[in-house]
Amino acid sequence: MNSDPDPFEQGQRAARQNMPAEANPYQDGSDEHALWAAGHEKVAGARAAKEGEGT
């Protein structure tokens, strides 16, 4: 079992907690930074789309 944190899941969790994308803890340009940002965008983007629909 791998106990290393998953940056993608961390990004998703951060977005659910309304943390801004700028809170990405990984070094800009690293694979982890990109994964964290992708996870954050997945949740934040879905939330923004729902808000845009008025739900």
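Predicted model: local features only at pLDDT ≥ 70, side-chain atom pairs only at ≥ 80, totals over all residues.
Started with contact range: in the protein chain, residues 24 or more positions apart make up 57% of the contacts with a separation of 6 or more, a contact being heavy atoms within 4.5 Å.

Residues are numbered from 1 along each chain as its sequence is written, and side-chain values use heavy atoms, with hydrogens and water left out.

Next I looked up the secondary structure. I find two helices and zero strands, taken as DSSP runs numbered from the N terminus (helices H or I, at least four residues; strands E, at least two).

Then the overall numbers. The C-alpha atoms fill a box of roughly 40 × 25 × 15 Å along the principal axes. Of the 55 residues, 22% count as buried (under 20% relative accessible area; exposed is over 50%, partly exposed in between; 1.4 Å probe, protein chains only).

I picked Gln12, in helix H1 (residues 7-16). Buried or exposed? Gln12 counts as buried, because its relative accessibility is 12%. Beyond its neighbours within four places in sequence, I see Gln12 in contact with Gly39, His40, Lys42 and Val43.

Over to Glu32, which sits in helix H2 (residues 31-53). Glu32 has 37% relative accessibility, so I log it as partly exposed. Not counting residues up to four places away in sequence, Glu32 touches Pro7 and Tyr26. I also checked Glu32 against Gly11: they are 21 residues apart along the chain, and their C-alpha atoms are separated by 9.9 Å.
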